[in-house]
Amino acid sequence: MPYFGSEETVKELKRALANPHVQADRLRYKNYITKVIRYMTQGLDVSALFMDMVKASATVDIVQKKLVYLYMCTYASDKPDLALLAINTLRKDCADPNPMVRGLALRNMCNFRMPGMPEYIEQPIVAGLRDKASYVRRVAVLGCAKLHNLQPYTDMDGSIVNELYALLRDPDPVVVVNCLRALEEILKDEGGVVINKPIAHHLLNRMKDLDSWAQSEVLTFLLRYRPRSDDELFDILSLLDAFLQSAHAHVSVSTLRLFLHLAAAHPAVQADALLHTSAPLLATCGSASRELRFAGLCHVQQVMRSQPGLFGTHYKRFFCGYSEPSYIKFRKMEILVELVNDENVAVVLEELRSYCTDVSPELAQAAIAAIGRIARTYSEKCLDILTGLLALKQDHITSAVIQTFRDLVWFCPQSTAAVCQTVEACVDNPQDSEGKQALLWLLGEHGEQISSAPYVVEGYIDGLKTELSSAVKMELLSASVKMFLCRPAETQDMLGRLLHYCIEEESNMCVRDRALLYYRLLQRGVEETRKAVTGPKSDPSMSVLTGRQEEPISLWASAFNTLGPLSGRDLCLQTVIISASAQPSSSAEEELLPGSKDVTLSCPNDTEEEISLSLGPPLSHETFEKMWLDLEILHRQTLGFPRPKAAADTLQAALQLVKIQTLAFTPGDTVPWKAYLYTRGTGTLILAELLQEDPEAPGTEGSLVVSVKQQPANQHTIRGFVAIIKSVFQTLNFDRL
């Protein structure tokens, strides 16, 4: 809706801009142009002034030209006929003697979003690529990417692409980086810019001339290059060594990622690079920017998966500040738990105890949970702290301590006696459902060591009608039955009342079914019930747990300096892959590959081989190409029939139904015909190439050949995958056969 009085305002501006006396006074004329821009940014429609503003571009004043160009870019799509006049003006300015005017005109011409624009801007862009002024070349290079966006489904002129590759050796460093960005955009469907040996070495030698953000971008592009020999590898690492300790965090982290990528076959070099980068990472963790601080903490956590002692002497750098947001405090506490050792355990526990009384209940409970994790190694010291926290009589603290006791008893059975003694002395019971469940589990599993256990359970039974949580009710049933098995005289009456209420009056079907299960078990006899209900009270294999096992650096290196560490889980395949021999359950695989729905398929030729395929997170062309080049072919097979003559959409839809993603394929009449596919199954990633052999070759009859690569290797999954491919293609070939 136009502003009140807007028509009069526009008419007044139009009269002023057309007034020869105003035009003669440069300052007044410029002020009126400024007014037009101000009204435009406030939402007033001033498109009626288009012709007057185009005339105003005929000036030597750079500021006035910028204002007029801004106006023309805004309203060019609304006035396509009049915009042609603006284009002619801009093309004329592209030949101006002043390089600032040439660059400004070219940049704004490329910002016009109108049909038919490519034919007007292509010639000025080509001329700009060869301009003597570096500013004009910078604008022209980015203009190539804008030209591609104007016609995304039209192939870019090969001469422009060659010109951009040639400009990678331009003396101006900004032009070099802009060329990389433009080529990446233009060649996106072909896998992006190609980094060969001459280009890689040239970029490495120009690194010192680039600004920090350009250095970070060039380092990312260099991930695509793989040295041909160890001598070349170590020459490259020597050139990069100085950037590991750059004052700019993004440069040092990008350099470290490239180090880890190039030195994948040299773990000692990777470890040395991590050591050199520890100082910049620590500096990032103390950054004034909260976002940068959080990113630094996430990457420190990732490094500690392979080098847990790297930051051990700097543990105080991870103490929480009072004004820090909670998400940073949570990360710091997780890191502190990993850094605990015999020398600093007392200091770290004292620091964590101070967090237990924080005004934020979530933070306090997280601190108590952190103390509980440390208690698996230093039980006595942590139990004293946790026992003291119960005296505070705060509901959220009591609940967190009881939950920590439950986990501690399970992991460290030697702590059972001390925990039972503390629970018996505790006067206040937790009020939230998680705390109640933890307390009831302790009472049920270790009721024989807690003298007051039957009376505490009886209190919960008496208040059962007011209990809202079905989980608490089911835990109460389990605890009561287990206590009956060890202390029947004190528990028989209240167990009868509990079962009667849950069977006759309870509305929740899950609780009622659990009560019926226990009732029928008890009818079979106490011994039968004991066999079904009782189990291990702890996990003895966890009693010697002292910390997380060190992981190979290569397991997470490809996710370093990405969004993976910030999200709490690594999104790349190398991080989530588990050993194929472990044979994870379907629920575990769903956790590893979130967002994917698995399809279990039987191989037609072998009824015993069943594999579960899922799409999972999509792979980019760059990731697929990199992994395809890195991996070896594990299986190659001639399928014995030609490719189906079905349309491309039909082929893609058929593969999608069996959870196989099509990345790319050649047009139907092309010889040889190729298609690239990928899928996930049983914790692995499968990459495949389909090749239509030459029909003229003797004995082949144009049969399809499938080549499979996989990480990690699992021949069972490969056989199942090939069988599924054969089944799909035979179905599509049915009409032809």
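Predicted model: local features only at pLDDT ≥ 70, side-chain atom pairs only at ≥ 80, totals over all residues.
Q: How is the packing of two helices described?
A: Two numbers are used: the angle between the axes and the distance between them. Take helix 15 and helix 16 (residues 267-285) here. Their axes lie 10 Å apart, at an angle of about 165°.

Q: Which orientation do helix 15 and helix 16 have to each other?
A: Angles over 145 degrees count as roughly antiparallel. Helix 15 and helix 16 are therefore roughly antiparallel. Their crossing is left-handed.

Q: Which residues make that contact between helix 15 and helix 16?
A: Helix 15 brings A249, S252, V253, L256, F259 and L260. Helix 16 answers with V269, Q270, A273, L274, T277, P280, L281 and T284. By class, the contact of helix 15 with helix 16 has 10 nonpolar residues, four polar and no charged.

Q: At what angle do the axes of helix 33 and helix 34 cross?
A: Look at helix 33 (residues 648-657) and helix 34 (residues 715-732). Their axes cross at roughly 140° and come within 10 Å. Antiparallel needs an angle over 145 degrees. Helix 33 and helix 34 are therefore oblique to each other.

Q: What is the hand of the crossing of helix 33 and helix 34?
A: The crossing of helix 33 and helix 34 is right-handed. On the helix 33 side, T650, L651, A654 and L655 take part. They meet I725, V728, F729 and L732 of helix 34. This contact of helix 33 with helix 34 counts seven nonpolar residues, one polar and no charged.

Q: Now to empty space. How is it found?
A: A probe the size of a water molecule is rolled over the atoms, and this shows where empty space is left. A pocket is open, while a cavity is a space the probe cannot get out of.

Q: What volume does the largest pocket have?
A: The largest pocket has a volume of about 1400 Å³. It is lined by 46 residues, and the closest to its centre are H261, E622, T623, K626 and M627.

Q: Which elements give two or more residues to the lining of the largest pocket?
A: They are helix 13 (212-221), helix 15 (249-262), helix 30 (573-576) and helix 32 (621-630). Helix 32 gives the most, with seven residues.

Q: How do the residues of the lining of the largest pocket divide by class?
A: The pocket lining has 22 nonpolar, 14 polar and 10 charged residues.

Q: How many cavities of 30 Å³ or more are there?
A: The count comes to three. About 50 Å³ of space lies in the largest cavity.

Q: Which residues line the largest cavity?
A: The lining is A200, L204, L222, Y225, I236, L258 and L262. The lining of the largest cavity is seven nonpolar residues, with no polar and no charged ones. Helix 15 also contributes to the lining of the largest pocket.

Q: Last, the backbone. Which residues does a cis peptide bond join?
A: Omega is the angle to read. A cis peptide bond joins Q711 and P712, with omega about -10°. P712 sits in the loop between strand 7 (704-711) and helix 34.

Q: What is the phi of K393?
A: K393 has a positive phi of about 55°, although K393 is not a glycine. K393 lies in the loop between helix 21 (379-390) and helix 22 (395-411).

Notes. Residues numbered from 1 in each chain as written. Heavy atoms only, no water. Axes fitted to C-alpha atoms, helices over the stretch in contact; angles between N-to-C directions. Helix = DSSP H or I, 4+ residues; strand = E, 2+ residues; numbered from the N terminus. Parallel < 35°, antiparallel > 145°, perpendicular 65-115°, else oblique. Left-handed = near helix turned anticlockwise from the far one by under 90°. Contact = heavy atoms within 4.5 Å. Nonpolar A, V, L, I, M, F, W, Y, C, P; charged D, E, K, R; others polar. 1 Å grid on protein atoms, 1.4 Å probe; cavity = no way out; pocket = protein on both sides within 12 Å on 5 of 7 lines; lining within 4 Å. Points joined across faces, edges and corners; volume = space filled by probe spheres on them.
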